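Try each task before you read its solution.

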Amino acid sequence: MKGIGTSAGIAVGKAFIVNKDISIEKAIISDSESEIARLIKAVNESERQLDAFLLKLRDEGNADSIEILRVHKAMLNDMEFISSIKSFIIDESVNSEFAVQMAAKRISDSLRTTDDAYLKERAFDIEDVGNRIICNLSGGFPDFSSIPEESVIVTKYLSPSDAAAIDKCRLKGFVTEEGSSTSHTAIIARTAGIPAVTGIDGIVGAVRNGDIIIVDGFKGEVILNPGEDTINLYKAKKLEHKEYRDKLKKLKNLPAVTLDGREFIIEANIGSGTDVGEVLNSGAQGIGLFRTEFVYMNSSDFPSEDDQFYEYKKVVSKMGQKRVTIRTLDIGGDKELPYFRLDKEAKPSICNGGIRFCLERKDIFKTQLKAILRAGVYGNVSIMYPMITDVSEVIRANRVLEEAKTELKLDMVPFCDDIKVGIMIETPAAAMSAHILAREVDFFSIGTNDLIQYTLATERSSRTEACNDYLNADVLRLIRDCICQAHKHGIYAAMCGEMASDPETVKILLGLGLDVFSMNPSAIPVIKDIIRSTTVEEAAKCACKALNE
């Protein structure tokens with residue numbers, strides 16, 4: 001059976017089916033007040049459970065799942081969501097379970113009609129939050145405590161809260177009907193190093209508990225009840241993969257240097273301070289992208305200067321003198337804050353996010369810049385502006401930065417006065433004006449996820465499709481031109497998009513002259529191994545071939 005390989009590896013185990021379908025019957029009630037009291041009790045219990053999961057995940061060091069569950073908690077506290085449930089109870093005189101299901105379905109159906117992969121993924125989030133409330137109303141949760149040894153979970157989809165309840169020592173793999181390479185199941189599996197295949201329609205009905213199942217996370221294949229020869233073949237592949245991973249562990253403290261002596265920098269992308277331990281363990285030479293959105297998402301309102309300063313300082317201090325590149329607030333498009341909604345009716349959300357939002361809300365922007373400047377005293381910090389389209393935006397942003405410095409001076413607050421400033425190249429407009437932008441900044445960081453999307457007018461829902469986009473010659477020319485202009489003006493060119501961690505494109509990027517690769521910490525050993533196994537000359541040939549030149 002063919003699906004999408006979302007977490008590399010081989011698993012051979014016994015199927016354990018988790019039924020995620022929740023049957024809800026509509027009931028007419030006469031006492032709305034008592035029914036709302038039931039709802040509030042279930043919401044409070046749901047919040048308590050999420051808090052317990054967050055503590056467990058924090059002990060495990062599972063930063064990715066922590067951030068996802070924090071989003072779930074924010075949804076649970078979303079007054080618009082809760083108010084819509086109450087409205088169903090009062091206006092339709094229905095039971096709380098049915099009201100929750102209807103309110104969650106209305107939101108999730110709306111999200112699924114969008115073309116945005118990120119927003120479609122939020123549909124699963126709202127359904128998971130709704131199901132948790134329903135389970136607390138009715139008392140029925142999937143039982144993960146009885147998972148036997150050597151299990152491969154087979155389910156419609158797996159939520160972050162499900163994953164938090166699973167004993168990872170008993171788990172060998174995941175197989176789901178729904179999901180993609182960006183789904184929560186994929187993120188959870190990759191973080192835990194568990195092989196996973198998603199997107200296999202009908203797998204739950206095709207499997208029985210205890211069936212022997214092979215999960216090939218490399219090829220995205222699932223084999224049911226294989227013969228002995230097939231089992232032995234995949235066990236050998238699994239051993240081969242383990243030996244390869246053991247080899248990669250030895251590269252941790254070695255530089256990313258080619259066979260002919262050219263050294264490249266490999267850094268990590270993080271979403272919060274909880275990721276720093278993984279960064280240091282990966283052998284990363286710095287943090288190439290610190291997404292600050294989670295600092296805002298984990299707050300009930302726009303965080304203060306001091307609150308942000310303490311968050312940034314923790315990361316910077318732990319990294320010592322290794323570079324930490326902090327991206328300023330990047331909301332809009334696929335990212336919103338629970339306490340602030342962009343005006344999507346007035347104009348498309350892409351038009352009012354990123355640096356444009358920051359320049360429109362100078363007060364919020366300046367507060368963040370001050371916090372970053374103050375954190376710069378404790379290490380090696382750079383500032384990066386997102387979603388730049390025009391040099392005027394960089395000039396205006398730098399003016400706000402200078403104002404922030406002036407105000408800190410007047411208040412006699414210590415800060416880093418010579419902080420490096422760079423921009424993300426995420427739009428065709430920025431890529432085509434790289435020769436102008438390079439005069440105003442200290443570095444470029446190419447965000448390929450958005451650059452590809454806006455250049456090719458496409459959405460990528462699978463890793464295969466994404467790889468095809470990476471190899472588009474026009475996209476590669478834009479990347480090459482950005483790198484060339486950076487070098488011409490004496491600045492470095494980095495990449496923090498998914499393309500930087502794709503084994504298929506590493507040699508091409510080396511050949512194009514990219515200086516810094518930044519990626520999820522778990523991807524670093526593989527990319528480092530590829531760099532150490534090639535030459536610049538060989539990489540240049542790969543780049544020429546990809547460019548059709």
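**Buried rings and their partners**

Phenylalanine 264 counts as buried because its relative accessibility is 0%; buried means under 20% relative accessible area, exposed over 50%, partly exposed in between (1.4 Å probe, protein chains only). The model is predicted: local features need pLDDT of at least 70, side-chain atom pairs count only at pLDDT 80 or more, and totals for chains, interfaces and linings use all residues. Residues are numbered from 1 along each chain as its sequence is written, and side-chain values use heavy atoms, leaving out hydrogens and water.

**Exercise 1.** Find how many aromatic pairs the whole structure holds, then describe the pair of phenylalanine 264 and phenylalanine 517.

*Solution.* 
- Step 1. Apply the cut-offs: rings of Phe, Tyr and Trp (its six-membered ring) pair if their centres lie within 6.5 Å; planes under 30 degrees apart count as stacked, over 60 as edge-to-face and the rest as tilted.
- Step 2. The search of the whole structure gives eight aromatic pairs.
- Step 3. Phenylalanine 264 and phenylalanine 517 are edge-to-face, with 6.3 Å centre to centre and 80° between the planes.
- Step 4. Phenylalanine 517 is also buried, at a relative accessible area of 0%.

**Exercise 2.** Describe the pair of phenylalanine 365 and tyrosine 385.

*Solution.* 
- Step 1. This pair is edge-to-face: 6.0 Å centre to centre, 65° between the planes.
- Step 2. Both phenylalanine 365 and tyrosine 385 are buried.
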